[in-house]
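Please keep the sequence and the structure in view while reading.

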There are 2 protein chains.
Amino acid sequence: MNVKEAQQEFVQLWGNFGSQWGINKTMAQVHALLLTSDDAMSTDDIMEALSISRGGANMNVRELMVWNLIYKVSKTGDRKEFFVAEKDIWEVAKRITRERKRREIEPLKLHLSRLKELDKKEKGAGDFIQMVENIERLVSRMDLMSDTVMKAEESAFFGAIIRLLK
Amino acid sequence: MNVKEAQQEFVQLWGNFGSQWGINKTMAQVHALLLTSDDAMSTDDIMEALSISRGGANMNVRELMVWNLIYKVSKTGDRKEFFVAEKDIWEVAKRITRERKRREIEPLKLHLSRLKELDKKEKGAGDFIQMVENIERLVSRMDLMSDTVMKAEESAFFGAIIRLLK
DNA sequence: TTTTATTTTCAATAATTATTGAAAGTTTTA
DNA sequence: TAAAACTTTCAATAATTATTGAAAATAAAA
């Protein structure tokens with residue numbers, strides 16, 4: 001297997017993995033392509049590499065820019081836009097986490113919290129509220145966990161503690 | 001808002017949230033329904049509550065049993081099967097984590113590891129392998145962290161340490 | 001055994017989600 | 001200013017994924 005083949009396999013792998021976790025497959029593929037590409041790529045390069053349409057390539061690079069996972073760069077003497085990915089994988093993880101938190105976790109927390117505004121006198125209300133509170137606690141803990149992982153990575157001290165917990 | 005309305009809203013909420021994370025929407029709804037239901041429900045009860053077909057109800061309860069999130073129970077004098085959910089939300093989280101790990105993370109790790117078997121002499125191979133290794137490290141760390149959080153919940157000592165990291 | 005109740009399967013269909021590609025829009029160059 | 005180069009949009013379409021429902025299978029009762 002040469003590098004190109006390995007890269008193609010990685011692109012497929014990452015696309016499938018992404019879609020299992022609710023991330024658009026093609027977006028994940030574009031990301032994987034840029035992650036493992038040495039130099040900046042234009043929309044045409046991406047279209048060619050992934051056999052996708054111009055529209056699709058454009059939409060996905062724009063979305064990846066919103067997620068802060070890729071950047072636009074320009075080459076002197078070329079009018080086209082080129083794109084490069086953030087290569088620090090921990091930075092990548094942090095940004096994906098941040099975006100999903102903002103889009104999904106925060107609204108979920110809000111919604112759950114509002115669910116507790118029900119007639120507390122009614123039979124069964126207590127149990128229901130308890131369940132919602134337990135879920136709220138779970139979500140918060142998971143949320144905190146992601147912060148902790150990221151923080152641990154940045155700190156030798158916390159990192160050592162985390163490893164102790166294994 | 002009464003309990004029933006709140007429950008219905010929760011079912012919708014959980015279904016949407018699940019599908020954003022790659023979990024079948026109806027399966028998440030059946031789970032939410034049973035999670036917030038006081039007594040065991042039959043397939044007919046579930047069909048009625050969620051307005052879904054018999055086939056759908058059956059497929060989803062079976063799948064939830066594979067995930068170990070619900071159990072079959074029987075009522076004396078009734079031939080039907082009834083279902084109840086595991087109500088301990090931490091247990092629920094652990095089981096979902098375990099299942100996704102088994103189905104997705106383990107295969108991903110294997111696949112990533114195999115990607116490193118390429119001609120290392122080729123130009124660019126070093127960078128590619130480095131990227132794959134960084135991703136492997138990230139996946140492992142995320143994986144380990146989920147164990148740690150679950151463990152922390154069960155242990156005052158670990159819990160205290162995790163809180164320190166906040 | 002036969003009937004009845006219940007569960008399971010799965011081909012057909014519906015619903016959802018992703019993708020295309022050509023037209024419109026924008027920016028740069030001549 | 002007009003033409004060329006490039007980017008963006010979005011209605012139409014394709015691909016994927018979820019759902020139905022009726023028939024087959026299974027299990028319990030008569």
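## Sheets, helices and the contact between chains

In chain B, three strands make up an open sheet, arranged in the order S1-S3-S2 with antiparallel pairing. Strands (E, at least two residues) and helices (H or I, at least four residues) are DSSP runs numbered from the N terminus, and two strands pair if DSSP finds at least two bridges between them. Strand S1 (41-42) and strand S2 (70-74) of chain B stand at the edges with a single partner strand each, so one side of each is left without a neighbour in the sheet.

This is a predicted model, in which local features need pLDDT of at least 70 and side-chain atom pairs count only at pLDDT 80 or more, while totals for chains, interfaces and linings use all residues. Residues are numbered from 1 along each chain as its sequence is written, chains are lettered from A and ligands numbered from 1 in the order in which they are written, and side-chain values use heavy atoms, with hydrogens and water left out.

Still in chain B, S1(B) pairs with strand S3 (residues 81-85) in the antiparallel sense over two bridges, and within this part of the sheet Ser42(B) has Phe82(B) of S3(B) as its bridge partner. Helix H2 (residues 25-35) of chain B packs on the sheet and touches S1, S2 and S3 of chain B, its direction making about 85° with that of S3(B). Helix H4 (residues 54-66) of chain B also packs on the sheet, touching S2 and S3 of chain B, and its direction makes about 115° with that of S2(B). Contact here means heavy atoms within 4.5 Å; axes are lines fitted to C-alpha atoms, for helices over the stretch in contact, and angles run from 0 to 180 degrees between N-to-C directions.

S2(B) and S3(B) run antiparallel and are joined by five bridges. In the hairpin that they form, six residues lie between the strands, and Gly77(B) takes a positive phi near 80°.

Chain A likewise has an open sheet of three strands in the order S1-S3-S2, with antiparallel pairing. Its edge strands are strand S1 (41-42) and S2 of chain A, each of which pairs on one side only. Strand S2 (residues 70-74) and strand S3 (residues 81-85) of chain A pair in the antiparallel sense over five bridges, and their hairpin has six residues between the strands, with Gly77(A) at a positive phi near 85°.

| Residue | Opposite residue in S3 |
|---|---|
| Lys72(A) | Phe83(A) |
| Ser74(B) | Glu81(B) |

Helix H2 (residues 25-35) and helix H4 (residues 54-66) of chain A pack at an angle of about 75°, with their axes 9 Å apart. That makes H2(A) roughly perpendicular to H4(A), a term for angles of 65 to 115 degrees. The contact is made by Thr26(A), Met27(A), Val30(A) and His31(A) of H2(A) together with Asn60(A), Val61(A), Glu63(A) and Leu64(A) of H4(A).

Between the chains, 56 residues of chain A are in contact with 58 residues of chain B. The area buried between chain A and chain B is about 5,800 Å², of which carbon and sulfur atoms give 75%; buried area is the accessible area (1.4 Å probe) that two parts lose on being put together, summed over both.

The structure holds 26 salt bridges over all chains, a salt bridge being a side-chain nitrogen of Lys or Arg within 4 Å of a carboxyl oxygen of Asp or Glu. Across the interface of chain A and chain B, however, the rule finds zero salt bridges.

Conventions:
Parallel < 35°, antiparallel > 145°, perpendicular 65-115°, else oblique.
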